[in-house]
Amino acid sequence: MAEIRASLKNDSRRHRVAQILRQEIVAGRLRPRDKLVESDLADQLGTSRGPIREALRQLEQEGLVVSYPYRGTEVLGVTDEEVHDILVPIRLTLEKFAITHGLENMPDTVFDRLASIVDLMADAANRGSLDLLADLDVQFHQTLIDSSGHEHSPQLWSVIQPRVWAYFRRDARRHASAHDIVDQHAHLLEVLRRRDVSAAVAALTAHVHDLPGS
């Protein structure tokens, strides 16, 4: 029993360390190519190197850091090429799938949830809270994917979600106005409510490809 408790404590520490580092990376306080030294992180976070090592391994699986032989671990940035060539096509495929397979029978509660998120986005924009706005942006699209009715869609989304989160937070600062982000999602929700699959796919495609600076 003592070994089980110790294992649970280690898992909890690993999860907490990963959560802290993930937040620092996505918020931009840990920048691309910053070195992540296990001993330094252990001192800063008040833990042993074991949970640090496990957390870094988890973040590498999420695509937020990269480890090099003899060079250690570095923060991995999100490039425009990755966004255009990898992340946008993958998330567009997942969200189109959700619409084509779930929109016609989508419960009204899903639309209500999306509307609540848009309201929270508007409040975040009014307060100039760009990080919260980006987090809510992720929630909006995850809610849409979760409504597809197919369990594999959320699983696939979870693989790219940390990278999507990172570029949403980055791009929130590239828009001319935070309210532009809110307006885009309000329009997309309006189209989704009509349950017109073709129109919704077209609106989603335009929305996903409307990247700031493109």
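Axes here are lines fitted to C-alpha atoms over the stretch in contact, and angles run from 0 to 180 degrees between N-to-C directions.

Now show the side chains. Helix 8 makes the contact (heavy atoms within 4.5 Å) through Q184, H185, L188, V191 and L192, and helix 9 through A199, A200, A203, L204 and H207. Seven of these residues are nonpolar, three are polar and none is charged. Here Ala, Val, Leu, Ile, Met, Phe, Trp, Tyr, Cys and Pro count as nonpolar, Asp, Glu, Lys and Arg as charged, and the others, Gly among them, as polar.

A note before you go on: this is a predicted model, where local features need pLDDT of at least 70, side-chain atom pairs count only at pLDDT 80 or more, and totals for chains, interfaces and linings use all residues. Residues are numbered from 1 along each chain as its sequence is written, and side-chain values use heavy atoms, with hydrogens and water left out.

Next, select R195, in the loop between helix 8 and helix 9. What is the phi of R195? It is positive, about 60°, although R195 is not a glycine. Most residues other than glycine have a negative phi. R195 is partly exposed, with a relative accessible area of 26% (buried means under 20%, exposed over 50%, partly exposed in between, with a 1.4 Å probe and protein chains only).

Then jump to R33, in the loop between helix 1 (2-26) and strand 1 (35-36). Its phi is also positive, near 75°, and R33 is exposed, with a relative accessible area of 70%.

Finally, select helix 5 (residues 108-127) and helix 6 (residues 130-146), which pack at an angle of about 170°, with their axes 9 Å apart. Helix 5 is therefore roughly antiparallel to helix 6, and passes helix 6 in a left-handed crossing. Residues in this contact include L114, I117 and M121 of helix 5 and L136, F140 and T143 of helix 6.

Stay on helix 6 and colour its buried residues, among them L133, L136, F140 and L144.

Conventions: Helices (H or I, at least four residues) and strands (E, at least two) are DSSP runs, numbered from the N terminus. Angles under 35 degrees count as roughly parallel, over 145 as roughly antiparallel, 65 to 115 as roughly perpendicular and the rest as oblique. A crossing is left-handed if the near helix is turned anticlockwise from the far one by less than a right angle, and right-handed if clockwise.
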